[in-house]
Amino acid sequence: MMIETCRMYLRPWRDEDAPALYRYASDPRVGPIAGWPVHTDVENSREIIRGVLSEPETYAVVLKQSGEPVGSAGIMLPGRGNLPMEPGEAEIGYWIGVPYWGRGLIPEAVEALLKRCFTELDCRRGWCVSFEGNQRSERVQEKCGFIYQRTIIGEPNPYCGIAASRVSCLTRAEWEARQKCS
(Lines give C-alpha, C1' and ligand atoms only; values in the text may rest on other atoms or scores of the structure.)
Protein backbone atom coordinates (compact mmCIF):
# COMPACT_ATOMS: atom_id res chain seq x y z
CA MET A 1 0.00 0.00 0.00
CA MET A 2 1.16 3.52 -0.72
CA ILE A 3 -0.23 6.78 0.65
CA GLU A 4 0.44 10.03 -1.21
CA THR A 5 0.55 13.51 0.30
CA CYS A 6 1.57 16.85 -1.21
CA ARG A 7 5.29 16.33 -0.65
CA MET A 8 5.77 12.64 0.01
CA TYR A 9 4.82 9.04 -0.42
CA LEU A 10 4.35 6.73 2.52
CA ARG A 11 5.22 3.26 1.28
CA PRO A 12 6.55 -0.01 2.69
CA TRP A 13 10.27 -0.15 3.44
CA ARG A 14 12.47 -2.06 0.97
CA ASP A 15 15.87 -3.73 1.40
CA GLU A 16 17.41 -1.21 -0.99
CA ASP A 17 16.40 1.58 1.43
CA ALA A 18 19.04 0.39 3.93
CA PRO A 19 21.74 2.97 2.98
CA ALA A 20 19.27 5.86 3.29
CA LEU A 21 17.88 4.47 6.53
CA TYR A 22 21.40 4.18 7.94
CA ARG A 23 22.21 7.75 6.85
CA TYR A 24 19.48 9.12 9.12
CA ALA A 25 19.12 6.42 11.82
CA SER A 26 22.85 6.49 12.63
CA ASP A 27 22.54 10.03 13.99
CA PRO A 28 22.42 9.87 17.81
CA ARG A 29 19.92 12.75 17.90
CA VAL A 30 17.23 10.59 16.25
CA GLY A 31 16.81 7.07 17.67
CA PRO A 32 17.54 7.40 21.38
CA ILE A 33 14.90 10.10 22.00
CA ALA A 34 12.44 7.85 20.14
CA GLY A 35 13.47 4.85 22.27
CA TRP A 36 15.62 2.85 19.88
CA PRO A 37 19.39 2.43 19.42
CA VAL A 38 21.52 4.25 16.88
CA HIS A 39 22.03 2.09 13.77
CA THR A 40 25.58 0.78 13.58
CA ASP A 41 25.96 0.11 9.84
CA VAL A 42 23.99 -0.43 6.63
CA GLU A 43 23.54 -4.14 7.39
CA ASN A 44 22.06 -3.27 10.80
CA SER A 45 19.61 -0.95 9.02
CA ARG A 46 18.74 -3.73 6.55
CA GLU A 47 18.00 -6.07 9.48
CA ILE A 48 15.74 -3.39 11.01
CA ILE A 49 13.91 -3.08 7.67
CA ARG A 50 13.39 -6.85 7.55
CA GLY A 51 12.19 -6.94 11.16
CA VAL A 52 10.66 -3.92 12.87
CA LEU A 53 10.01 -1.86 9.73
CA SER A 54 8.31 -4.74 7.90
CA GLU A 55 5.40 -4.70 10.35
CA PRO A 56 1.97 -3.98 8.82
CA GLU A 57 1.12 -0.28 8.45
CA THR A 58 4.78 0.78 8.81
CA TYR A 59 5.85 3.21 6.10
CA ALA A 60 9.00 4.84 4.78
CA VAL A 61 8.56 8.61 4.48
CA VAL A 62 9.78 9.16 0.91
CA LEU A 63 10.20 12.65 -0.50
CA LYS A 64 8.61 13.10 -3.92
CA GLN A 65 11.35 15.51 -4.95
CA SER A 66 14.26 13.11 -4.36
CA GLY A 67 12.65 9.67 -4.05
CA GLU A 68 14.70 9.14 -0.90
CA PRO A 69 13.32 7.72 2.37
CA VAL A 70 14.09 10.25 5.12
CA GLY A 71 12.05 8.89 8.02
CA SER A 72 9.35 6.49 9.07
CA ALA A 73 5.75 6.69 10.22
CA GLY A 74 3.27 4.02 11.07
CA ILE A 75 0.04 2.87 12.62
CA MET A 76 0.09 0.32 15.42
CA LEU A 77 -3.17 -1.47 16.10
CA PRO A 78 -4.10 -3.23 19.37
CA GLY A 79 -1.49 -5.76 20.44
CA ARG A 80 1.40 -3.74 18.99
CA GLY A 81 2.55 -0.31 20.11
CA ASN A 82 3.35 1.16 23.50
CA LEU A 83 -0.12 1.31 25.04
CA PRO A 84 -2.80 -1.21 25.85
CA MET A 85 -5.49 -0.46 23.28
CA GLU A 86 -9.01 -1.65 22.63
CA PRO A 87 -10.38 -2.62 19.22
CA GLY A 88 -11.05 0.56 17.25
CA GLU A 89 -7.94 2.30 18.59
CA ALA A 90 -4.54 2.90 17.00
CA GLU A 91 -1.22 4.42 17.96
CA ILE A 92 0.75 6.59 15.55
CA GLY A 93 4.55 6.52 15.65
CA TYR A 94 7.06 8.53 13.64
CA TRP A 95 10.59 9.88 13.24
CA ILE A 96 12.49 11.82 10.59
CA GLY A 97 16.15 12.50 9.81
CA VAL A 98 17.76 15.60 11.33
CA PRO A 99 18.17 17.51 8.02
CA TYR A 100 14.36 17.44 7.69
CA TRP A 101 13.44 18.61 11.19
CA GLY A 102 11.20 21.65 11.30
CA ARG A 103 9.88 21.37 7.74
CA GLY A 104 6.40 20.09 8.61
CA LEU A 105 6.95 16.73 6.93
CA ILE A 106 6.04 14.54 9.90
CA PRO A 107 2.82 16.44 10.64
CA GLU A 108 1.92 15.93 6.96
CA ALA A 109 2.62 12.20 7.29
CA VAL A 110 0.71 11.92 10.57
CA GLU A 111 -2.32 13.69 9.06
CA ALA A 112 -2.31 11.13 6.22
CA LEU A 113 -2.12 8.26 8.71
CA LEU A 114 -4.92 9.74 10.81
CA LYS A 115 -7.09 9.92 7.70
CA ARG A 116 -6.34 6.23 7.06
CA CYS A 117 -7.11 5.36 10.70
CA PHE A 118 -10.42 7.19 10.82
CA THR A 119 -11.78 6.67 7.29
CA GLU A 120 -10.33 3.33 6.17
CA LEU A 121 -9.51 1.37 9.33
CA ASP A 122 -12.64 2.56 11.18
CA CYS A 123 -10.74 3.64 14.30
CA ARG A 124 -12.55 5.76 16.85
CA ARG A 125 -9.45 6.91 18.74
CA GLY A 126 -5.80 7.56 17.91
CA TRP A 127 -2.93 7.72 20.38
CA CYS A 128 0.61 9.12 20.35
CA VAL A 129 3.35 8.45 22.90
CA SER A 130 6.63 10.29 23.22
CA PHE A 131 9.31 10.50 25.84
CA GLU A 132 8.78 13.49 28.08
CA GLY A 133 10.93 16.36 26.91
CA ASN A 134 10.87 15.33 23.23
CA GLN A 135 9.58 18.74 22.26
CA ARG A 136 9.64 18.06 18.52
CA SER A 137 7.39 15.04 18.93
CA GLU A 138 5.10 16.94 21.29
CA ARG A 139 4.82 19.76 18.74
CA VAL A 140 3.83 17.28 16.00
CA GLN A 141 1.09 15.96 18.25
CA GLU A 142 -0.20 19.46 19.00
CA LYS A 143 -0.18 20.44 15.30
CA CYS A 144 -2.17 17.32 14.45
CA GLY A 145 -4.80 17.94 17.13
CA PHE A 146 -3.76 15.35 19.73
CA ILE A 147 -4.68 16.31 23.29
CA TYR A 148 -2.42 15.49 26.22
CA GLN A 149 -3.96 12.79 28.44
CA ARG A 150 -1.38 11.67 30.98
CA THR A 151 2.24 10.95 31.79
CA ILE A 152 3.35 7.39 32.41
CA ILE A 153 6.34 6.83 34.67
CA GLY A 154 8.21 3.60 34.04
CA GLU A 155 11.70 2.22 33.82
CA PRO A 156 14.26 4.50 32.18
CA ASN A 157 14.71 3.70 28.50
CA PRO A 158 18.24 2.32 27.98
CA TYR A 159 18.84 4.52 24.93
CA CYS A 160 17.78 7.91 26.26
CA GLY A 161 17.59 7.37 30.03
CA ILE A 162 14.11 8.93 30.22
CA ALA A 163 11.50 7.14 32.32
CA ALA A 164 8.44 9.29 31.62
CA SER A 165 6.25 9.00 28.53
CA ARG A 166 3.73 11.62 27.48
CA VAL A 167 0.46 10.18 26.12
CA SER A 168 -1.85 12.15 23.81
CA CYS A 169 -5.12 11.22 22.16
CA LEU A 170 -7.31 12.31 19.25
CA THR A 171 -10.81 10.96 18.74
CA ARG A 172 -12.46 10.52 15.36
CA ALA A 173 -15.04 13.19 16.29
CA GLU A 174 -12.25 15.65 17.14
CA TRP A 175 -10.44 14.80 13.90
CA GLU A 176 -13.64 15.22 11.86
CA ALA A 177 -14.29 18.62 13.47
CA ARG A 178 -10.76 19.72 12.49
CA GLN A 179 -11.38 18.64 8.89
CA LYS A 180 -14.44 20.89 8.66
CA CYS A 181 -12.36 23.87 9.80
CA SER A 182 -9.56 23.40 7.27
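These legends walk through several close-ups of a predicted model.

View 1. Eight strands make up an open sheet with mixed pairing, and their order is 1-2-3-4-5-6-8-7. The edges belong to strand 1 (3–4) and strand 7 (147–153), each of which pairs on one side only. Helix 4 (residues 105–120) packs on this sheet and touches strand 1, strand 2, strand 3 (58–63), strand 4 (69–76), strand 5 (89–96), strand 6 (125–131) and strand 8 (164–171). Its direction makes about 160° with that of strand 5. Helix 5 (residues 135–143) packs on the sheet too, touching strand 5, strand 6 and strand 8. For helix 5, the angle of about 160° is with the direction of strand 6.

View 2. Strand 1 and strand 2 form a hairpin, with three residues between them. The two run antiparallel and are joined by two bridges, strand 2 covering residues 8–11. Look for Ile3, which sits opposite Leu10 of strand 2. On to the next pairing: strand 2 and strand 3 also run antiparallel, with four bridges joining them. Met8 has Leu63 in strand 3 as its bridge partner.

**View 3. Zooming in on Leu10 and the nonpolar core.** The largest nonpolar core has 43 residues, and Leu10, Ile92, Val110 and Leu114 touch the most other members. Strand 2, helix 1 (18–25), strand 3, strand 4, strand 5 and helix 4 are the elements that give two or more residues to this core. Helix 4 gives the most, with nine residues. Who surrounds Leu10, if residues up to four places away in sequence are not counted? Its contacts are Met1, Met2, Ile3, Tyr59, Ala60, Val61, Ala109, Ala112 and Leu113. There is also a second, separate core of five residues, among them Met85, Trp127, Val167 and Cys169.

**View 4. Ala60, tucked into strand 3.** Ala60 has its place in strand 3. Is Ala60 buried or exposed? With a relative accessible area of 0%, Ala60 is buried, because that value falls under the 20% cut-off. Setting aside neighbours within four places in sequence, Ala60 is in contact with Tyr9, Leu10, Arg11, Trp13, Pro69 and Gly71. Leu21 is 39 residues from Ala60 in sequence, yet the two C-alpha atoms are 9.1 Å apart in space.

**View 5. Helix 4 from end to end.** Helix 4 has 16 residues and reaches 22 Å from its first C-alpha to its last, close to the 22 Å expected at 1.5 Å a residue. Twelve of those 16 residues are buried, so helix 4 is largely enclosed by the rest of the structure. The buried ones are Leu105, Ile106, Pro107, Glu108, Ala109, Val110, Ala112, Leu113, Leu114, Arg116, Cys117 and Phe118. A handy reminder when reading this view: an α-helix has 3.6 residues a turn, so residues three or four places apart point the same way. After the helix comes Asp122, with a positive phi near 60°.

Notes. Residues numbered from 1 in each chain as written. Predicted model: local features only at pLDDT ≥ 70, side-chain atom pairs only at ≥ 80, totals over all residues. Heavy atoms only, no water. Pairing = 2+ DSSP bridges. Contact = heavy atoms within 4.5 Å. Axes fitted to C-alpha atoms, helices over the stretch in contact; angles between N-to-C directions. Core = buried A, V, L, I, M, F, W, Y, C linked by side-chain atoms within 4.5 Å. Buried < 20%, exposed > 50% of the residue type's maximum accessible area, 1.4 Å probe, protein only. Expected span 1.5 Å × (residues − 1).
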